[in-house]
Amino acid sequence: MSHEIQIGFKNNFSGGELHNNHMSDLTMVKAGSKKHTHSHEHDNNCHESSHKHCSLYTLSETGEAPTLEEHKEILKNAGSLEFNIFKFSQDIGRDKAFILLPMHFMATLKLDDHLDIDEEKFVKFGEQIYSGYRRDVEYHNDIHGLDVMQFAYVVLTKFGLIKLAELTSLDILSTLVAAACHDYGHDGVNNVYHVNTISDRAITYSDHAV
Ligand SMILES: [Zn+2]
């Protein structure tokens, strides 16, 4: 099976378990060779093995079903320091970018095969992380998370960290996921601001690492 085209389910998907209020504006669609949308309700019922064809996704913000194949041109230098994360996100949409780039890295490194990753759960996880980043924050937003993950990929591959440190597939996946998630929920202000304004967050965490 070609990773460049699509990655099928490896396990039956129990959809809905990752859904929360953040997901209300996101709509999953079927993808692959036939691209058409289906509703969130359908997605919640997408547990059956007959839905193995639901192998890719899209989000309602941009309404189309991206595939690795149709974006291979724009992804071809995704593993280089020259990769322009801002242009990439602008060209295909921030929501798609946040899913497509991790999928590309996962497929390139064959992590889905090595770790038997459920494609749809991985996509839903990505949607959750994307939803947790704030678009109104100028720097510590989803594009920054993606940018750090892309640089982590360069360090792992081009800079040779995988070989140097003899990293396992789980180590690699953990590094990429940690990079993508590292500013999840960032509100755009720093520790000092929270402490000085006696914010709820500073009170909750006693001024430490807020
Ligand atoms: Zn950061």
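Me: Helices (DSSP runs of H or I, at least four residues) and strands (DSSP runs of E, at least two) are numbered from the N terminus. Where is the place of V189?

Reply: V189 is found in the loop between α9 and α10, the latter being residues 191–196. Residues are numbered from 1 along each chain as its sequence is written. The model is predicted, so local features need pLDDT of at least 70 and side-chain atom pairs count only at pLDDT 80 or more, while totals for chains, interfaces and linings use all residues.

Me: What is the average pLDDT of the protein?

Reply: The term pLDDT denotes the predictor's confidence in each residue, from 0 to 100. The protein averages 76, and 69% of the residues score at least 70. Over residues 1–58, however, the pLDDT is below 50. In the model this stretch has 95 contacts beyond near neighbours in sequence, a contact being a pair of residues whose C-beta atoms, placed from the backbone, lie within 7 Å.

Me: How many helices and strands are there, and in which order do the elements run?

Reply: The protein has 11 helices and two strands. Starting at the N terminus, the order is β-β-α-α-α-α-α-α-α-α-α-α-α. Among contacts with a separation of 6 or more, 73% join residues 24 or more positions apart.

Me: Why does V189 count as partly exposed?

Reply: A residue is buried if 20 or more other C-beta atoms, placed from the backbone, lie within 10 Å of its own, exposed if 12 or fewer, and partly exposed in between. V189 has 15 C-beta neighbours inside 10 Å and therefore counts as partly exposed. Of the 210 residues of the protein, 31% count as buried.

Me: What makes D142 buried or exposed?

Reply: D142 has 23 C-beta neighbours inside 10 Å, so D142 counts as buried. This residue lies in helix α7. Leaving out residues up to four places away in sequence, D142 touches R94, F98, Y130 and Y133. The C-alpha atoms of D142 and G132 are separated by 8.4 Å, at 10 residues apart along the chain.

Me: How do you know what span to expect for α7?

Reply: The expected span of a helix is 1.5 Å times one less than its number of residues. Helix α7 (residues 142–156) has 15 residues, and its first and last C-alpha atoms are 21 Å apart, close to the 21 Å expected. Buried residues of α7 include D142, M149, A152 and Y153. What covers the buried residues of this helix includes α3 (85–92), α4 (94–108), α6 (119–132), α8 (161–164) and α9 (169–181).

Me: Why is α4 called largely enclosed?

Reply: Helix α4 is largely enclosed by the rest of the structure because 13 of its 15 residues are buried. Its end C-alpha atoms are 21 Å apart, and this agrees with the 21 Å that its 15 residues should span at 1.5 Å a residue.

Me: What makes a group of residues a nonpolar core, and which residues touch the most other members of the largest one?

Reply: A nonpolar core is a set of buried Ala, Val, Leu, Ile, Met, Phe, Trp, Tyr and Cys residues joined through C-beta atoms within 7 Å. The largest has 29 residues, of which A97, M149 and L176 touch the most other members. At least two residues come from each of α3, α4, α6, α7 and α9. The largest share, nine residues, is supplied by α4. Apart from neighbours within four places in sequence, L176 is in contact with P102, F105, M149, A152 and Y153.

Me: At what angle do the axes of α3 and α4 cross?

Reply: Axes are lines fitted to C-alpha atoms, for helices over the stretch in contact, with angles from 0 to 180 degrees between N-to-C directions. Those of α3 and α4 cross at roughly 115° and come within 7 Å. F88, S89 and I92 of α3 make the contact with R94, K96, A97 and L100 of α4.

Me: Why does K110 count as exposed, and what is its phi?

Reply: K110 has 11 C-beta neighbours inside 10 Å, so K110 counts as exposed. Its phi is near 55°, a positive value in a residue other than glycine. K110 is placed in the loop between α4 and α5 (111–115).

Me: How do you know whether E166 is buried or exposed?

Reply: E166 has 8 C-beta neighbours inside 10 Å and therefore counts as exposed. E166 lies in the loop between α8 and α9. Although not a glycine, E166 has a positive phi of about 50°.

Conventions:
Two residues are in contact if their C-beta atoms, placed from the backbone, lie within 7 Å.
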